[in-house]
Amino acid sequence: MSIQEFAKYLEKLEKTTSRNEMTAILANLFKSLKPAEARVAVYLALGKLTPAYLGKELQIGEKLLMRAISKAYGIDLKEIEAKYKNYGDLGEVAFNVCLKIRNSVNKTANKNFFDSLTINEVYEMLFKISEISGEGAVENKINAFADLLKKLDPLSAKFITRIPLGALRLGFSDATILDALSFLSVGDKSLRKKVERAYNISADIGFITEKFLHFGIEGLKKIQINVGIPIRMAGAERLPNAQKIIEKLGTCAVEPKYDGFRLQIHLKKELQNTSHKDYSKKSDDLYKVAIYSRNLENVSAMFPDVAAATKKIGYEIIFEGEAIGYNPDSGEFLPFQETIQRKRKHNIDLFSKNIPLKVFVYDLLYLNGKNILELPYKKRREIMEKIFPQENKDTEIVLTKMDLVSDAKTLENKFEEYVSEGLEGVVVKKLEAPYQAGARGYHWVKYKRAMKGELADTIDCVVMGYYIGRGKRSDFGIGAILVGVFDEKSESFKTVAKIGTGFSDEEWREMKKRIDAIKTKEKPIEYDVSKELIPDIWARPEIVIEVQADEITKSPLHLAARDHFQETGLALRFPRMVKWRDDKHPQQATTVKELLKLYKMQLEK
C-alpha cells in the first residue's frame with residue numbers, strides 16, 4: 001500500500017469520533033493490506049515504531065522537527081515557528097507548507113513533486129532515523145527526517161510529522177483494532193474475545209494483526225507464550241468489606257498489598273538444545289532477563305540488582321511481583337514516592353545502592369516451557385513455594401506471605417495487621433481461579449486502607465489540563481487541574497474532578513512543569529469535557545495521578561458516566577492528589593465502569 005493511500009485512511013479516522021465508524025474504517029484498511037504490510041500499518045496508525053515493550057523511539061522533539069520542516073521545504077525557521085504558534089500542530093504546519101510548495105512546483109513543472117513510497121518504505125526510513133546515534137546524531141536525524149518529508153505528499157507529511165511527538169490525534173487504541181479484526185472477519189465484534197486471548201499473552205498488536213490477516217482466527221489460537229514478550233497483566237476488583245469478600249470468594253488466600261510498583265520478570269535460557277555444557281560461561285550467563293513495568297515498558301536496564309538476582313533462579317520462568325524500596329539498615333519499607341525514584345534512566349547505580357529493592361513474588365505465569373496461566377491459584381502457589389524463598393532478609397526476590405482464611409473476622413484481622421505494618425492493605429485471591437491475563441475480575445480482590453471511608457478506593461485519574469492561578473498561585477502559574485477517568489466503550493477520557501487543593505508549593509510547580517512539557521493548543525480528540533470546564537492549558541493524555549476523595553457525587557458538569565445517568569455525570573467530592581502514578585499508562589487509569597461500581601458500593605454503605 002502506498003503512503004498516500006494509507007494517509008487517506010488516517011484522514012478518515014481523524015474526521016470521526018464514532019467508535020463504530022472507526023472500527024469500520026480500520027476493517028476496510030486491513031482488508032486492503034497485504035499481511036506483510038499489516039504490522040507496519042498498525043504501528044504507524046498508532047503513532048509508534050514498535051510495541052511498547054521494545055521501546056523504539058525517534059527521539060526528535062518539537063524544535064528538531066521544526067528545523068527538519070524548514071530544511072525540507074526551504075522555509076525560514078522563524079516562519080515555521082510562527083506557523084506552529086498559529087496552528088498548534090506541527091503536522092498541520094508540514095501539511096500547509098508542503099501543499100503550498102507542491103502546488104507551486106506542479107504548476108511550473110506539470111508533474112507530481114513527490115515520490116510514490118510504500119508504507120513499508122516509509123517505516124524503514126523512520127526506523128533508520130531512530131537508529132541514528134553517536135557524534136552528529138542530532139544533525140543527522142534532522143537531515144534524514146527532512147529527506148523523508150521531501151518525498152511525501154502533504155497529507156502523508158502531516159501524519160508522519162506527528163509520530164515523533166506521539167500526537168497522531170486519531171482517538172483510538174489497541175482495543176479498537178481488536179474490534180476491527182473481528183469486524184473484518186465476521187461483520188461484528190463477536191470474535192473480539194478470541195482475538196483478545198492471543199493479544200493478552202503476546203502484547204504486540206501489530207504481530208496479532210499480521211497473524212490474523214495471514215491465518216485468521218485459527219492462526220491466533222496457535223500463538224503461545226514466548227519468554228521475553230510480556231503478558232498483559234491481570235487486575236483486581238474491589239469489594240467494600242471483609243464480609244462481602246468472603247461471600248464472593250469463600251475460603252480464599254490473603255496476601256499483603258505492598259505500596260511499590262508492579263514488575264513482570266522474564267528469565268530466558270540463551271543456550272538452547274546444546275549437547276554439552278559450555279564451561280566458558282558462568283551459569284548465570286546462560287540466562288537473559290527482561291523486566292516489564294505495569295504498562296509493559298521494558299525497564300530491565302533500570303534494575304540491574306533485580307536482574308542479577310533473577311539469574312540465580314535457574315529456570316526459564318515468567319513471574320510477577322511488587323518491588324518496594326527498603327532501608328538496608330533498619331529493614332523498613334520506604335514510601336512509594338521514594339521507591340518510584342528507582343524508575344529512572346540516569347544515575348542507576350547510585351540509586352540502586354541508596355534505594356535497594358525487595359521484590360515480593362505473588363504469581364507465576366510460565367515455567368520451563370509450560371504455560372501455567374490456566375492452573376488454579378492454589379496450584380500456582382504450590383509451585384512458587386518450591387522455587388522462591390520466604391522471609392529471607394538477604395535475598396532480593398522473595399515469595400510474598402499468604403494465609404488461607406474462610407471467615408470475615410480472620411480476614412479483617414489480617415487486613416488490620418498489614419495496615420499496622422504500614423502496608424496498603426491486602427489482596428484476596430480465589431483459590432480455584434486461573435490467572436486472567438489482560439482482565440480485571442473477582443479472581444483477585446483488593447482491600448485497602450482507603451476503602452475504610454465512604455469512597456471504597458482511591459481513583460487513578462488522567463491529568464487533562466490546568467487553570468492559570470490567581471492570587472497567591474499566580475506565582476506558580478497554575479491554580480487547579482482538570483482530571484478524568486477512562487471510558488473503555490468510547491476509548492475517551494471523561495472529566496471527573498477539578499482539583500485545586502491538597503498540593504504543596506513544590507507539587508504545584510512540578511505539576512505545571514509536567515503539563516507544560518506535553519501541552520497542546522487544541523483539546524485532544526480523546527477528551528470529553530463540558531464547555532464550563534475547559535482549562536486554560538490542555539495536556540496530552542500522559543500524566544496519571546492517584547486521587548483521594550470523600551465520596552462520589554452526581555454532577556451536572558462532569559461527564560463520567562453521563563450516558564448512564566442521562567442528565568448528570570459522576571464527580572469526586574473534595575478530591576486531593578495522593579501521589580504521581582508514573583508506573584501507569586493513561587489507559588490503565590480508573591475506568592468509568594469501575595467508577596460506577598465504586599458509586600454503587602458507596603450507596604450500599
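Trainee: Which residues touch the most other members of the largest nonpolar core?

Mentor: The model is a predicted one. Its largest nonpolar core holds 93 residues. Helix H4 (residues 62-73) gives the largest share of this core, with 7 residues. The members that touch the most others are Phe-6 and Leu-126.

Trainee: Which residues does Leu-126 touch, not counting residues up to four places away in sequence?

Mentor: Contact here requires heavy atoms within 4.5 Å. With neighbours up to four places away left out, the partners of Leu-126 are Leu-44, Leu-49, Leu-58, Phe-145, Leu-148, Ile-160 and Ile-163.

Trainee: How many residues make up the second, separate core?

Mentor: Tyr-466, Ile-499, Phe-565 and Leu-596 are included in this second core. It is separate, and its residues number 37.

Trainee: How many disulfides does a search of the whole structure find?

Mentor: Cys-252 is buried at a relative accessible area of 0%, and Cys-461 is buried at 0% as well. A disulfide would require two cysteine sulfur atoms within 2.5 Å. The number found in the whole structure is 0.

Trainee: Is the pair of Tyr-123 and Phe-127 stacked, tilted or edge-to-face?

Mentor: The whole structure has 16 aromatic pairs. For Tyr-123 and Phe-127 the ring centres are 6.0 Å apart and the planes meet at 35°. Planes under 30 degrees apart would count as stacked and those over 60 as edge-to-face. The angle of 35° therefore makes this pair tilted.

Trainee: In which helix do Tyr-123 and Phe-127 both lie?

Mentor: An α-helix has 3.6 residues a turn, so residues three or four places apart point the same way. Tyr-123 and Phe-127 are 4 residues apart, about one turn. The helix that holds both is H7 (residues 119-131).

Trainee: Is Phe-127 buried, partly exposed or exposed?

Mentor: Tyr-123 has a relative accessible area of 9% and is therefore buried. Because Phe-127 has 26% relative accessibility, it counts as partly exposed.

Trainee: How many residues apart in sequence are the parts that the pair of Phe-565 and Tyr-599 ties together?

Mentor: This aromatic pair is edge-to-face, at 5.8 Å centre to centre and 90° between the planes. Both Phe-565 and Tyr-599 are buried. Phe-565 belongs to helix H20 (residues 562-565) and Tyr-599 to helix H21 (residues 592-604), so the parts tied together are apart in sequence by 34 residues.

Trainee: Which ring does the charged end of Lys-358 sit over?

Mentor: Arg-344 lies over the face of Phe-351, with 3.6 Å to the ring centre. For Lys-358, the charged end is 5.4 Å from the centre of the ring it sits over. That ring belongs to Tyr-326.

Trainee: What is the relative accessible area of Thr-520?

Mentor: Thr-520 is part of strand S15 (residues 519-520). Beyond four places in sequence, it touches Gly-88, Arg-169, Trp-538, Ala-539 and Arg-540. Thr-520 is buried, and its relative accessible area is 12%.

Technical notes. Residues are numbered from 1 along each chain as its sequence is written. This is a predicted model: local features need pLDDT of at least 70, side-chain atom pairs count only at pLDDT 80 or more; totals for chains, interfaces and linings use all residues. Side-chain values use heavy atoms; hydrogens and water are left out. A nonpolar core is a set of buried Ala, Val, Leu, Ile, Met, Phe, Trp, Tyr and Cys residues joined through side-chain atoms within 4.5 Å. Buried means under 20% relative accessible area, exposed over 50%, partly exposed in between (1.4 Å probe, protein chains only). Helices (H or I, at least four residues) and strands (E, at least two) are DSSP runs, numbered from the N terminus. Rings of Phe, Tyr and Trp (its six-membered ring) pair if their centres lie within 6.5 Å; planes under 30 degrees apart count as stacked, over 60 as edge-to-face and the rest as tilted. A charge sits over a ring if NZ of Lys or CZ of Arg is within 6 Å of the ring centre and within 35 degrees of the ring normal.
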